[in-house]
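Here are my notes on the model you sent over, written as numbered points. Have the structure open while you read.

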Amino acid sequence: MRNYPVIAWVRHIFYDLRPFLRQYIVEDDLEGTPYSFAARNLIYNRAQGKSDTQPLGTERNVREDGYTWVCHSMAPSAEPDKKPRVTIGNEQSSQPYNASLLNISAMSFGALSGRAVEALNKGASIGGFYHDTGEGGLSKYHRKHGGDIAWELGTGYFGCRDKQGRFDPSQFADQAQIEQVKMTEIKLSQGAKPGHGGMLPGSKVTQEIANARQVPIHQDCLSPSGHSAFSTPIELLEFAQNMRQLSGNKPVGLKPKGSPEIIIKFQLHHSHPYFSNRVALPPVRNRLVLPNNLAVAV
């Protein structure tokens with residue numbers, strides 16, 4: 001900076017502009033992450049009510065290693081099930097839930113605004129699928145439009161905790177037995193930060209968020225790295241059984257974050273929670289049908 005101030009400042013300007021220059025000049029339509037230019041255009045077109053169909057086929061390299069696709073059936077059903085469902089819950093649950101195959105993934109109130117949560121739940125109500133609350137508690141915005149809810153509990157037990165941040169069975173039962181809540185779910189740890197806790201800064205903890213999470217307003221809101229209600233796989237299963245009973249025998253789910261020991265204990269303990277995992281699904285149009293050269297070879 002001292003010897004070549006002009007060049008140094010130009011360098012810093014280009015350093016700041018680098019993401020924009022790469023996005024709009026260097027990258028092609030399919031390179032960008034986490035969302036490519038093509039993916040963003042698809043979202044914009046659908047949001048604006050425009051056609052999302054592109055002529056002349058896909059731009060992807062269908063011959064690259066690892067390319068996958070979905071094939072059409074040679075004998076498609078004359079009357080396919082237009083709204084396929086799957087039943088969650090077995091003989092251990094007196095209130096099984098008939099769930100859609102695609103639902104709304106876990107995103108907490110606090111990470112999302114109240115209006116965003118409202119919009120998601122209204123979509124769930126209209127579409128006939130469930131809305132996972134995320135670990136940030138069951139807010140009034142989740143309940144406004146009556147969409148089905150899967151209430152997720154993380155390490156902070158937001159919405160059903162005592163003053164020390166421990167699980168409160170009475171508060172849990174009061175909310176879990178609401179008719180709109182179809183299932184409950186245990187989140188073992190932070191998905192993006194496994195083995196670590198999470199924190200919502202105090203500057204973001206408004207009165208509404210504090211009410212939903214049952215935490216002090218304008219103070220840092222901590223999600224601990226682990227649960228205080230259990231510490232072993234067997235205790236986890238016993239906790240899940242307790243949650244099922246407190247909820248009125250509704251299904252209890254588990255986001256295990258990959259522990260073979262837990263799976264083995266499930267089998268030995270004859271416990272059957274449903275397993276939950278959240279992924280963002282990309283558009284599937286480019287994965288439909290066999291590429292021509294392979295189809296002819298077949």
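1. One cut-off first: a residue is called buried under 20% relative accessible area, exposed over 50%, and partly exposed in between. Q214, with a relative accessible area of 31%, is therefore partly exposed. Keep in mind throughout that this is a predicted model.

2. Now the overall picture. The chain has nine helices and nine strands. Of its 298 residues, 35% count as buried. Looking at contacts with a separation of 6 or more, 61% are between residues 24 or more positions apart.

3. Where are the nonpolar residues packed? The largest nonpolar core has 22 residues, and W151, F167, F172 and I186 are the ones with the most contacts inside it. Two or more residues each come from β4, α5, β5, α7 and β8 (252–255). Helix α7 gives the largest share, five residues. There is also a second, separate core of eleven residues, with F109, F158, A210 and A212 among them. As background, nonpolar side chains in soluble globular proteins tend to be buried together.

4. Helix α7 deserves a slow look. The helix has 14 residues and spans 20 Å from first C-alpha to last, close to the 20 Å expected at 1.5 Å a residue. Its buried residues are P233, L236, L237, F239, A240, M243, R244 and L246. After the helix comes G248, with a positive phi near 90°.

5. The residue I'd check by eye in α7 is R244.

6. Helix α5 (residues 169–176) has F172, A173, Q175 and A176 buried. Among the elements covering those buried residues are β4 (149–153), β5 (181–187) and α7 (233–246). Look at the start of the helix too: a side-chain oxygen of D168 comes to within 3.0 Å of the backbone nitrogen of S170.

7. On to charge pairs: the structure holds six salt bridges. One of the pairs is K187 with E135, whose closest N and O atoms are 3.3 Å apart. Why would I pick that pair out? K187 sits in strand β5 and E135 in the loop between β3 (131–132) and α4 (140–143), so the pair ties together parts that are 52 residues apart in sequence. Both K187 and E135 are buried.

8. K182 pairs with E179, with the closest N and O atoms 2.6 Å apart. R22 counts as partly exposed, at 37% relative accessibility.

9. Some backbone angles to look over. Y157 is not a glycine, yet its phi is positive at about 50°. You'll find Y157 in the loop between β4 and α5. With 0% relative accessibility, Y157 counts as buried. Q214, from my opening point, is another residue other than glycine with a positive phi, near 60°. Q214 lies in the loop between α6 (207–213) and β7 (221–223).

10. Last, a residue at the surface. R115 is in helix α3 (residues 114–127). R115 counts as exposed because its relative accessibility is 67%. The C-alpha atoms of R115 and H142 are separated by 9.9 Å, while the two residues are 27 apart along the chain.

11. If you only have time for a few views, these are mine. Start with the 22-residue core and the five residues that α7 gives to that core. Finish with the buried pair K187 and E135 and with Y157, which has a positive phi.

Terms used: Residues are numbered from 1 along each chain as its sequence is written. This is a predicted model: local features need pLDDT of at least 70, side-chain atom pairs count only at pLDDT 80 or more; totals for chains, interfaces and linings use all residues. Side-chain values use heavy atoms; hydrogens and water are left out. Buried means under 20% relative accessible area, exposed over 50%, partly exposed in between (1.4 Å probe, protein chains only). Helices (H or I, at least four residues) and strands (E, at least two) are DSSP runs, numbered from the N terminus. Contact means heavy atoms within 4.5 Å. A polar contact is a pair of N or O atoms within 3.5 Å; within protein, one must be able to donate a hydrogen and the other to accept it, and residues adjacent in sequence count only if both atoms are side-chain atoms. A nonpolar core is a set of buried Ala, Val, Leu, Ile, Met, Phe, Trp, Tyr and Cys residues joined through side-chain atoms within 4.5 Å. A salt bridge is a side-chain nitrogen of Lys or Arg within 4 Å of a carboxyl oxygen of Asp or Glu. The expected span of a helix is 1.5 Å times one less than its number of residues.
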